[in-house]
Amino acid sequence: MRSGRAESLLLVGPAACLLAVVTAVPMVHVVWLSLQERTPFRPPAFAGLENYLRLAADERFWNALWNTVYFAVVSVALELVLGLAVALAVARAGRMRSLVYGAILVPWAVPTVVSARMWEWMYNPEIGVLNHLLGARINWLGDPVLALHAAIAMDVWKSTPFVALLLLAGLQGIPRDLYRAAAIDGAGAWIAFRRITLPLLAPVILVATVFRTIDALRVFDAVYVLTGGGPANGTETLSIYAYKVLFQTLDFGYGSTLAVAVLAVTAAATLVYARLLGGGTE
Amino acid sequence: MALLTRRRTALALGALALGALVGGCRAREADDNGIVVFRHPKLFGDPGPFDALIAGFERASGIRVRRDALPASSDEQHLFYAINLQARSREFDVLALDAIWVAEFAQAGWLRDLTHLLPPEHGADLFPGPRESVTWRERIHALPWFADAGLLYYRKDLLDRHGLSPPGTWQGLMDAARVVTRQRPGLHGFVWQGKQYEGLVCNALEFVRSHGGDLAAAQADAAARGLAFMRALVTEGVTPAYVTTLTEEPTRVIFGRGGALFLRNWPYAWRLLEREGSPVRGRVGVSVLPHAPGHAAAATLGGWQLGVNAHSPRPESAERLAAFLAAAPAQKALALAYGYSPPRRSLYDDAELAAAQPFIARLRAVLEAARPRPVSPQYVALSQTLQAQFSAVLTGARAPETALAAIRRVATMLQTR
Amino acid sequence: MRRLGAWIGLAAVVLWSLAPFAWQVLTSLKPYAELETLPPLLPGAPTLAHYHAILAGQPFGQLMLNSLVAASGATLLALLFGSLAGFALAKLRPPGRAATLAAAVTLSMLPPIATVSPLFLLTNAAGLHDTLAALVLVYAGFALPLAVWLMTQFFRGVPDELYVAARVDGCSAAGAFVRVMLPLAVPGLVATGLLVFVFAWNEFLYALSLTASTASRTVPVGIALFPGIHEVPWGEIAAGSVVATAPVVLLAIVFQRRVLEGLTAGAVKG
């Protein structure tokens, strides 16, 4: 089913225009800023690649990069697994489906800042619910290594509905007949899952993975409210670092360079996923 | 094809019309008819007294004022100001500034010079700390509004029971904590703010300065001793390890439910600790923070100042509002209504204030000696390093000397910006 | 036995999703004195004081309305533009569609904190400072990459033959799109719409930066204004978050029941 370029252009046009104005123009601005020296304390100057050289030698950048990548890889992996489990459970919910649907959406629906404060309170070593229920005195947010994992747990709780929702919509698009045919042929549940469900879900899994990864690599609010990037910068993600450089150090040039670095890392990750999960773009 | 185009065009026009309608409805009222816009974080309590104060100003001066709230988080305010002032916004005139921003905003050209609003005779009425924090390059760029300083809260009932008096030295605090907590397993010795944020810098500088140290190289040894003491509080079990997650409110809550013997916090906590239903009501004492022998106590100065937007279209009216709010009568009214401490000495001799807010009157000595964080345009940038390094010392990841050396390196680098 | 396993699994999922939020609800009902103690888990003397405080003391109704307008506007715009573009990319298969999708995704890869200033300047220049229209356009723009991608995937799942058959029967392209393709992509539309709506409803950074007054302020910013300089009113924050979350969840339940179940019941799949 081919059609004229003109028609396609007309249909894609509005989306393209809005995207151009709201995301492309600012992106160009940010890239341009990343090549400048821009602070309110001095007149602007062109810096060329100086900011990027500074980035390569910046230990704090590499620390933030490691934190961010670790955070993204672990949380997205967990979200995929749990999201699939949730989607499968909801798909079989029968009569209670609407209520369950509403229930699983709750973590996603709570405002991020509120959810971060909520978890901060739950992680409180003395009067937090978690330690109360576990009967322990774990210093969840006060230890650099634990804190990052605590942030991951919170993000997984918050974002699994996103993945579950997409996978559920994908599951609902799989024709029932395929499963019936498989059952008639004597295939068990696991085989049906591997041979029918997973392959047909692959495109949706790719979208969910890519967008969750993009969001996880840019994570800011959730971690910042929870830990402020600490202790000892142990949970400082790239976005938190960029925020501090932009709006605390007021170094708009280098802050933009950090933002471009996030863009580069995310683009690289997306390419990898597209190769691995493939077939989503033709 | 034709139908598609028409429908889409109609929708596009509709969206544009809606946008224009909504956009146009937001008349640029602030620019016309001279309303002075004042942005500040919420004052906790009944808005009535503040409204009445402003209404009085409006009547007396003929200037209309609109107050717009800002989120309480210092970071969010700084973000808001940075975005707006960098874009030379004319949308607001008077701004409430954190104690550490004045030099930065002044250097960036975002604040009007207010030196003429604070002649020497009025300036002499201010505590030295607030006066220092609003001065940059010999010019005044903001008027002090509220003053805050670190205090030591303690459970006087527990100290009395063991025959102890409020500690004057840090060692005294540690000893007292050990004695009392030995008898009470669930009680913490000393809680303070150790999360990686600005509050940690306030606390750490108190430890550092009360040992005779500071951030400059000349006082590095004493500073290292101060930081070592800070870490020792945790390793000796006087302060719980999870101090690295604590900010003002969680520490106030812990102390308020009887969970700690000593608390370091700002004056605001007093009201909450002494209110109806508080488990520690009537059992709390307040004193100056301890110090190391031979050195003075060193509370860190906090608080708020009033600045005027350099690009305000109504500078004279804005200055009048700022001057009004920073003058003694307004400050007294706000102290009476909200319990925020004024930065003016003379008010602490005021009989009415002493009667209605006896706690504030007792703060005079502390505020007199309160020391601001380094007053410099680079402070907010440096603070990121201060927070991270102090946090590293507190978790035991770094030795105090290494952390201080790193701080000096970054400070030098920032000087050249 | 399998049924029991499925029920246990479902219960676990629901419990895990709701537990922290249930904790928020409990907190919102606790009187001031009980807010900072643990145990007890349950409020001893449940009170609606916090709800009263936020609804009476603030223009919370106005904030909810603003959030509703901003989120609905952004969702409708994103779904409209997104489904048109998705249809074109999935069915009309223009050349360069892979590059288009890749470009769309790339545009969403910058951290939002970096583009706040440029967008602030842009919306000011367009005369949209402190308006809901600015939020609608910005949110829709941010949500478009996801919307376009998702709609492309979901349209791809709709068999071509149905579209061709409709055209052969004399439908215009628009008619075929509206009467045949859209209904079959409804699960995708609902899922996408919900995700965009929730994103816009909860967005904080741009709502804080692009709006200045109550007339266009949204709920997340409103909640951020509850605390005083040091004081944190946990009860009110909990009440505020319950009030902010409830409409979204109800919306989801309604959509799930009405739209999805109604449709998948009668769908004919090849």
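Helices (H or I, at least four residues) and strands (E, at least two) are runs taken from DSSP and numbered from the N terminus. Read from the N terminus, its elements go α-β-β-α-α-α-α-α-α-α-α-α-α-α. The C-alpha trace of chain A spans about 75 × 65 × 30 Å along its principal axes.

A word on ground rules: this is a predicted model, in which local features need pLDDT of at least 70 and side-chain atom pairs count only at pLDDT 80 or more, while totals for chains, interfaces and linings use all residues. Residues are numbered from 1 along each chain as its sequence is written, chains are lettered from A and ligands numbered from 1 in the order in which they are written, and side-chain values use heavy atoms, with hydrogens and water left out.

Chain C meets chain A through 85 residues of chain C and 88 residues of chain A, where contact means heavy atoms within 4.5 Å. Together the two chains bury about 8200 Å², and 79% of that is on carbon and sulfur atoms (buried area is the accessible area, with a 1.4 Å probe, that two parts lose on being put together, summed over both). There are zero salt bridges between chain C and chain A, a salt bridge being a side-chain nitrogen of Lys or Arg within 4 Å of a carboxyl oxygen of Asp or Glu. Polar contacts link five residue pairs here, both residues at pLDDT 80 or more. (A polar contact is a pair of N or O atoms within 3.5 Å; within protein, one must be able to donate a hydrogen and the other to accept it, and residues adjacent in sequence count only if both atoms are side-chain atoms.) Helices of chain C that each supply at least two residues to this side include H1 (2-29), H3 (60-92) and H12 (234-266), but the largest share, 14 residues, comes from H6(C). By class, the side of chain C that touches chain A has 66 nonpolar, 12 polar and seven charged residues. Here Ala, Val, Leu, Ile, Met, Phe, Trp, Tyr, Cys and Pro count as nonpolar, Asp, Glu, Lys and Arg as charged, and the others, Gly among them, as polar.

One helix pair gives a view of this contact. Two packed helices are described by the angle between their axes and the distance between the axes. For helix H1 (residues 5-33) of chain A and H5(C), the axes come within 9 Å and cross at roughly 115°; axes are lines fitted to C-alpha atoms, for helices over the stretch in contact, and angles run from 0 to 180 degrees between N-to-C directions. Among the residues making the contact are Val22(A) and His29(A) of H1(A), along with Pro118(C) and Leu122(C) of H5(C). In all, the contact of H1(A) with H5(C) has 10 nonpolar, two polar and no charged residues.

Chain B also touches chain A, with 35 residues from chain B and 38 from chain A. The area buried there is about 3200 Å², of which carbon and sulfur atoms give 56%. This time there is one salt bridge: Lys195(B) pairs with Glu120(A), their closest N and O atoms being 3.3 Å apart. Polar contacts between chain B and chain A come to 15 residue pairs, both at pLDDT 80 or more. The side of chain B that touches chain A divides into 17 nonpolar, 12 polar and six charged residues.

Over all chains, the structure holds 31 salt bridges. One of them joins Asp157(B) and Arg283(B), with the closest N and O atoms 3.4 Å apart. Asp157(B) sits in helix H7 (residues 156-161) of chain B and Arg283(B) in the loop between helix H12 (268-273) and strand S10 (284-287) of chain B, so the pair ties together parts that are 126 residues apart in sequence.
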